[in-house]
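Biologist: Could you take me through how the labels on this structure were assigned? I would like to see each value set beside its cut-off.

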Amino acid sequence: MEVSTAIANRRSVRKYKPEQISKADMSKILEAARLSPSARNDQARKLIVITDEKIKLEMVAACKNQSFVKECGAVLIAVHNPEKRWSAEDCVIMLDHITLQAEELGMGTCWIGAFEEDKVKEVAKIPADMRVALCMTIGYPDESPAARPRKDLDEIVCWEKYQ
């Protein structure tokens, strides 16, 4: 699959098949995360992968009771070191690499920005000095969401200055 196809086809998935992610697919997902760039190559980030059903259920409450969180194959938590500049942005890049690799593998993802950081940190035993950038669900989709409308390029792109 070409990257442009993965970008065009990627959707937020909130309904997953009740199956574990294969070891081969998870290896490819994690390799995509590992290879993602980071500012100054600091790599000041960690990715927590939660597959345990009990812990996923705890993550539902931490993610503002979004019930689909427990249905996915894995919940991913991107953690960064706030002392390292741009580490939060590096987490976003890492998760974007994951979304595209997942699309190629026929998997779905959903970005989760609605979460209570203290609860996520408690559930995943994240040290107090670290920060949660984002959470994400991943798994084999049990739905095919339609494409959502996007603005035209001339509405989002400015040349040389803000217009």
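**Labels and their cut-offs**

Biologist: Why is Thr-99 called buried?

Modeller: Thr-99 has 1% relative accessibility, and buried means under 20% relative accessible area, with exposed over 50% and partly exposed in between (1.4 Å probe, protein chains only). Thr-99 therefore counts as buried. Please keep in mind that this is a predicted model, where local features need pLDDT of at least 70, side-chain atom pairs count only at pLDDT 80 or more, and totals for chains, interfaces and linings use all residues. Residues are numbered from 1 along each chain as its sequence is written, and side-chain values use heavy atoms, leaving out hydrogens and water.

Biologist: Thanks, that helps. Where is Thr-99 placed, and which residues is Thr-99 in contact with, leaving aside neighbours within four places in sequence?

Modeller: Thr-99 sits in helix α4 (residues 87–104); helices are DSSP runs (H or I, at least four residues) and strands are too (E, at least two), numbered from the N terminus. Beyond neighbours within four places in sequence, its contacts are Arg-10, Thr-109, Trp-111 and Met-136, where contact means heavy atoms within 4.5 Å. As for Ala-32, 67 residues separate it from Thr-99 in sequence, and the C-alpha to C-alpha distance is 9.3 Å.

Biologist: What makes Gln-101 count as buried?

Modeller: Its relative accessibility is 18%, so Gln-101 falls in the buried class. Gln-101 also belongs to helix α4, and it touches Lys-28, Ile-29 and Ala-32 when residues up to four places away in sequence are not counted.

Biologist: Now the charged pairs. How do you know that Arg-34 and Glu-31 meet in a salt bridge?

Modeller: The test is a side-chain nitrogen of Lys or Arg within 4 Å of a carboxyl oxygen of Asp or Glu. Arg-34 and Glu-31 pass it with an N to O distance of 2.6 Å. The two are 3 residues apart in helix α2 (residues 23–35), which means a separation of about one helical turn. Arg-34 is exposed at 52%, while Glu-31 is partly exposed at 33%.

Biologist: How many salt bridges does a search of the whole structure find?

Modeller: The search finds 5. Among them is Arg-40 with Asp-42, whose closest N and O atoms are 3.2 Å apart. Arg-40 has 55% relative accessibility and so counts as exposed; Asp-42, at 29%, is partly exposed. Another pair is Arg-131 and Glu-117, with 2.8 Å between the closest N and O atoms. Arg-131 lies in strand β4 (residues 131–139) and Glu-117 in helix α5 (residues 117–124), so this pair ties together parts that are 14 residues apart in sequence.

Biologist: Is Glu-117 buried or exposed?

Modeller: Buried, because its relative accessibility is 17%.

Biologist: What makes a surface patch, and which residues form the nonpolar one of about 480 Å²?

Modeller: Patch residues have over 30% relative accessible area and no salt bridge; like charges are joined within 9 Å, and nonpolar side chains (Val, Leu, Ile, Met, Phe, Trp, Tyr) within 5 Å. The nonpolar patch is made by Leu-153, Ile-156, Val-157 and Trp-159. Leu-153, in helix α6 (residues 153–156), is exposed at 62%.

Biologist: And which residues gather in the patch of negative charge?

Modeller: Asp-52, Glu-58, Asp-118 and Glu-122 do; Asp and Glu count as negative, Lys and Arg as positive, and His and the chain ends are not counted. Glu-58, in helix α3 (residues 53–62), is partly exposed at 36%.

Technical notes:
Accessible areas come from the Shrake-Rupley method with a 1.4 Å probe; for residues, only the protein chains shown count as cover. The place of a charge is taken as NZ of Lys, CZ of Arg, CG of Asp or CD of Glu.
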